[in-house]
Amino acid sequence: MSGTDKAPTRLTPPADAVAPVRHPDAPAPGELLGAHYDHCFGCGAAQAHGLQLQARAEEGVRVTAEFTVKEAHQGAPGLAHGGVLATALDETLGALNWLLRVIAVTGRLETDFRRPVPVGTVLHLDAEITAVHGRKIYSTAVGRIGGPEGPVAVRADAVFIEVKIDHFIDNGRPAEIQAAMADPDQVRRARAFEVNP
């Protein structure tokens, strides 16, 4: 390991992690969260072949979401690509951070694939934050087919790392960063920066 490499972020919260606390200004339970960025592959409406995932705030620090697997999402003939399913989990897990009102990026995502997800299937996702330790936010998600109570097709555990806006300014393409920063809608401007590293 070089001097700049760090050990991987663990998915189990340390013993001194704390329970997550929903921010008082978080979206109300039942409220659709909407796309955090119109060009996001996971939730953006401007992505014709994207997931266009719809996430909804629930009680506590939990969100639910769903998306329909389209032909453009295939890996094997007639089945969703595993990377697309991992993206759906990551997008849903990332939406959780809005309930804490923090900007965070994916530090680690571990995905388990339990059963195939056919094209045309609606994947029902349920995610919650389990613990917070400093800048680390621990969360878990499950994706079901056949309805919100249907069989588990995919699941994931993740650690998100809270970052400052400089993370995006220093690493993103200037044109997109400037356009997002110029948005007059303060909430949409803040949410634009809820992405992966």
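**View 1. The pairing of β5 with β6.** In β6, Ala156 is the bridge partner of Ala141. β5 and β6 pair in the antiparallel sense over nine bridges; two strands count as paired if DSSP finds at least two bridges between them. Helices (H or I, at least four residues) and strands (E, at least two) are DSSP runs, numbered from the N terminus. The model is predicted: local features need pLDDT of at least 70, side-chain atom pairs count only at pLDDT 80 or more, and totals for chains, interfaces and linings use all residues. Residues are numbered from 1 along each chain as its sequence is written, and side-chain values use heavy atoms, with hydrogens and water left out.

View 2. β5 is largely enclosed by the rest of the structure, because seven of its nine residues are buried. Buried means under 20% relative accessible area, exposed means over 50%, and partly exposed lies in between (1.4 Å probe, protein chains only). With β4, β5 pairs in the antiparallel sense over nine bridges. Ala131 stands opposite Tyr138 in β5. The hairpin of β4 and β5 has two residues between the strands, and Gly134 takes a positive phi near 65 degrees there.

View 3. Six strands form an open sheet, ordered β1-β2-β4-β5-β6-β3, with antiparallel pairing. β1 and β3 stand at the edges with a single partner strand each, so one side of each is left without a neighbour in the sheet. From one strand to the next, the twist averages 20 degrees; axes are lines fitted to C-alpha atoms, for helices over the stretch in contact, and angles run from 0 to 180 degrees between N-to-C directions. Strand β2 (residues 62-68) pairs with strand β4 (residues 122-133) in the antiparallel sense over seven bridges. Phe67 stands opposite Leu123 in β4.

**View 4. Helix α1 on the sheet.** Helix α1 (residues 82-95) packs on the sheet and touches β1, β2, β3, β4, β5 (136-144) and β6 (152-162), where contact means heavy atoms within 4.5 Å. The direction of α1 makes about 50 degrees with that of β6. α1 is mostly covered, with 11 of its 14 residues buried. Among them are Val84, Leu85, Leu89, Asp90, Glu91 and Leu93. The end C-alpha atoms of α1 are 20 Å apart, which agrees with the 20 Å that its 14 residues should span at 1.5 Å a residue; the expected span is 1.5 Å times one less than the number of residues.

View 5. Gln52, found in the segment before β1 (54-57), has a positive phi of about 50 degrees. Gln52 is partly exposed, at a relative accessible area of 29%. Arg101 lies in the loop between α2 (97-100) and β3 (104-113), and its phi is near 60 degrees. Arg101 also counts as partly exposed, at 32% relative accessibility.

**View 6. The whole chain, for reference.** The protein has five helices and six strands, in the sequence pattern β-β-α-α-β-β-β-β-α-α-α. Of its 197 residues, 42% are buried. Among contacts between residues at least 6 apart in sequence, 65% join residues at least 24 apart. The accessible surface comes to about 10,300 Å², and 53% of it belongs to carbon and sulfur atoms. Accessible areas come from the Shrake-Rupley method with a 1.4 Å probe; for residues, only the protein chains shown count as cover.
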